Amino acid sequence: MWATNLKVLALALAVVGFYTVVANIIPQLESEVPEALALGDDVTPEQLVVAGERVFNGAGQCTTCHGLGTRAPNLLTAHAGEGAIGARCGDRVAGQDCKAYLYASLTDPGAFVVAGFGNIMLDVRRQLPEDQIWAIIAFLQSLGGDVTVTGADLPTEAGGAATPAAAGPARSTTTDPMALLQENACLGCHAIDGAGPPIGPSFDGIGGRISTDRIRSGILDPDAEIAGGFEQFAGMMPKQFGDQLSAAQLETLVQFLAGRR
Amino acid sequence: MPDVLALVQAAADTAAASGYGRFPGPGARVAVWIAAQVHLMFAAFVLGVPMFAVITELIGIVGKDTKYDKLSKEFTRLLVFAYSATALWGAVLVFFLTTLYPQFWNHMARIFGPSMWLYVGLFFVESFTLYLYYYGWERWNAGRAKWGHWGLGIMLNVWGTIVMFIANGWLTYMMSPPEGVTVAGLPEGMTTWNAIANATWIPINIHRMIANAVFGGAIVAAYAAYRFLAAKTDEERAHYDWMGYVGNFIAISTFIVLPFAGYYLGREIYEYNQQMGITMMGGFMSWLWIVQAVLIGVLFLAANYYLWLGMGRIPGAERFTPYTKWMLLVLIIGWIVWATPHTMIASREELMAMGGSHHPFLNVLGVMSAKNTAVNIMILTTFLSFLLYRRANKRPTVSWAKAGTMVQAAMFVLSTGVVIFYGIYGYFVAALVRIGFSVYQVGAVLACIIGVTVIDIALVRGAESRGAIQWGRMPERAQYALFVLAVTFTWLMGLMGFARSGIRQHWHVWEVMQDTSEFAATPALGYAANVISVCVLIFLGLVAFIFWLGGLAESAMAKSVAGPTAPIPATAGGE
């Protein structure tokens, strides 16, 4: 019986050993913990880029979707022939420079969903501290563009924010409708004056197509009624404008759009 | 001894200061990991085995076949020993959590306190039901009392299932806490029940119930295999051969439906948080599914190998032998396709080395269309193996036998055709449409399995026998195939435990309570595999001890039933 016992033991060890070896010879990826970076006001762009690349490939887990180009646009190399992200980020939204666009798309990604991809990304502030977000932005800028992130963008040691962006983008007080459209990235999906992506209904002639109340409810509760022909983009429009805009801003925007007949 | 006390004191001091305790050697995380995983393996065993203990007992009662009753009692004897091990490892886990992760434990106790008391209470009830069920076996073995005894078995399952559901509430809360929960506890108006009935609770409950049956079947089959190898008489060998077959049949037949429960769980994880779902399937855990495919390929091969060897003890089965090599070929091709990596997390350097986001050659085989096709055909092949095994010694006598067999063959062809058609078509449509195709593929396979089985039951009713199954005439290597199945199922359980727990990453409770200990980073698969292997070896070592105890108890009982060899005094008889 001892011989049988030994055979059973050897078999069990061989099977367990086989699986252990298989799991050890494949690429080893560890899920890192986001940690505050020791980057001061005098940090150089090069240091930010290095730190950002590490976060991008590690704790940020950005490569899960952005490295492949199947779940989200490929940020590492050229996506759809448009060039690397650092080269194209400044042209994505009219009125937003590269740095502002990247920060906004990291913290409010639902507002910048590229056509053909789902609205799957969450505000990275839920997972990463501010300094790591800025390091990622520096890294992305370095991919084909100029790095404009500086130590002044990073949060201060006291825990406050060196820039308004460190606590989220500052709340605008403007009542200029075009500025509001740009600040809130509406033109990332809606065309105006014959230009812009057709992800949402065009603002040209919108006042003639739907009522003023419908425009207002469309901003406050965008999924309540989806415009015909745009069903496939249902759920993409951010739902926070009711909290984000002041009453005056909302009414300015509604009246501006209602007047476009 | 003073050194040990100093170590314990130091650990307690550290825990109080940082919220985390220190554990000598491998550290706190590994200590809790091993305690939790081994506890879970025993828990799965003691929850899975009662399911078919009551089923086999029922078959024995209805069919008046004592063979099934004996089998059921033998299952239950293993339970009595395994139950103690489950409780012991549960206690180890609680002590480790309270001393090594005190702040986390406080958080959990604050939210789930009342359910923990209920859990302990039900554990008592479950234990005593088990003792009544096992020790009352001979006392309540006939008539209405036997039905009452069977009722105890049912209650044992009910208590065990409720206990598992409660514990599942705690662990699923860690994955998918309700909106509004903070480190301080539940928000105003939210109750413990809301925390238990969270987004992934029901899918985990279903998945675990099925997995427990699979696991219990595999371990019982391994027990039977060991007893077969140790058997000294043909009668014993026949009994344990049959027991191994039943255990394996239960394990494989329930295993086939497990992926559907897995899909449901995965879908709910995506629904709760897409990022968590993507991390699980395509993030740093993407390679885990390749390892899983390797394990499941082994399971398919070992299960089919066991069936093919089993046909050697069935008169008439030799007519099917020429087909086995083709079935083996199909299984191996399917395995290779299934284990092909595709959407793997990659760095910029790796992307450039591949010349794109995917490997230029493996890209074709690794996509979901190919993998779904491969796995469905593997399931169909295994079902065909089982069907041939079942039909081996039967000569149908119904007038429509030939037509019935033709219809069965047509069902196989049609179902394979549907699977392959959608597999190929999937390459030419968008991802969202392609995902929907898996429903048609699975539907075709399930329809085939159900349809063919229904026809087969009617077709072999009253069939002539080509000869009785010669239980016990099974080569020893078949028993080793059962060991491979049991070890693989156990390892797979450890791997899936890592997947479920690991997707929380550096959170004790997802986006509510962060792990700030030195072990917060979720380890890579190699490290995880080492810990899983240690857990599996601890579990199997203890199970081997339990098996040995089972044999010891049996021989002691056999001796006591045989009684003393001296003549019984005349006064004892009364006359």
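Student: What share of the contacts in chain A with a separation of 6 or more comes from residues 24 or more positions apart?

Tutor: Such pairs account for 61% of those contacts, two residues being in contact if their C-beta atoms, placed from the backbone, lie within 7 Å. This is a predicted model, in which local features need pLDDT of at least 70, side-chain atom pairs count only at pLDDT 80 or more, and totals for chains, interfaces and linings use all residues. Residues are numbered from 1 along each chain as its sequence is written, while chains are lettered from A and ligands numbered from 1 in the order in which they are written.

Student: What makes up the secondary structure of chain A?

Tutor: Chain A has eleven helices and zero strands. Of the 261 residues of chain A, 36% count as buried.

Student: Why is B:Ala528 called buried?

Tutor: A residue is buried if 20 or more other C-beta atoms lie within 10 Å of its own, exposed if 12 or fewer, and partly exposed in between. B:Ala528 has 26 such atoms and is therefore buried. The residue belongs to helix α19 (residues 525-562) of chain B, and its contacts beyond four places in sequence are B:Phe498 and B:Pro523.

Student: Is B:Lys64 buried or exposed, and what makes it so?

Tutor: With 8 other C-beta atoms within 10 Å, B:Lys64 is exposed. B:Lys64 sits in the loop between α2 and α3 of chain B, and its phi is near 50 degrees, a positive value in a residue other than glycine.

Student: How is B:Glu511 classed, and on what count?

Tutor: B:Glu511 has 16 C-beta neighbours inside 10 Å and therefore counts as partly exposed. B:Glu511 also has a positive phi, near 60 degrees, and lies in the loop between β3 (507-509) and β4 (513-514) of chain B.

Student: Why are α3(B) and α4(B) described as roughly antiparallel?

Tutor: The axes of helix α3 (residues 66-100) and helix α4 (residues 102-135) of chain B come within 12 Å and cross at roughly 165 degrees. Axes are lines fitted to C-alpha atoms, for helices over the stretch in contact, and angles run from 0 to 180 degrees between N-to-C directions. Angles under 35 degrees count as roughly parallel, over 145 as roughly antiparallel, 65 to 115 as roughly perpendicular and the rest as oblique. The two helices are therefore roughly antiparallel.

Student: Which residues of α3(B) and α4(B) meet?

Tutor: Among them are B:Tyr83 and B:Leu97 in α3(B), and B:Trp105 and B:Leu130 in α4(B).

Student: How do the axes of α4(B) and α5(B) pack, and what does the angle make of the pair?

Tutor: α4(B) and helix α5 (residues 143-175) of chain B pack at about 160 degrees, with their axes 9 Å apart. That angle makes α4(B) roughly antiparallel to α5(B).

Student: What makes up the largest nonpolar core?

Tutor: A nonpolar core is a set of buried Ala, Val, Leu, Ile, Met, Phe, Trp, Tyr and Cys residues joined through C-beta atoms within 7 Å. The largest has 160 residues, of which B:Val32 and B:Leu485 touch the most other members. Its largest share, 21 residues, comes from helix α2 (residues 28-63) of chain B. Beyond four places in sequence, the contacts of B:Val32 include B:Leu93, B:Phe96 and B:Leu100. A second, separate core of 36 residues includes A:Ala59 and A:Leu140.

Student: How many residues does each chain give to the contact between chains A and B, and which element of chain A gives the largest share?

Tutor: Chain A gives 36 residues and chain B gives 44. On the side of chain A, the elements with two or more residues are α1 (2-25) and α3 (63-66), and α1(A) has the largest share, eleven residues.

Methods
Helices (H or I, at least four residues) and strands (E, at least two) are DSSP runs, numbered from the N terminus.
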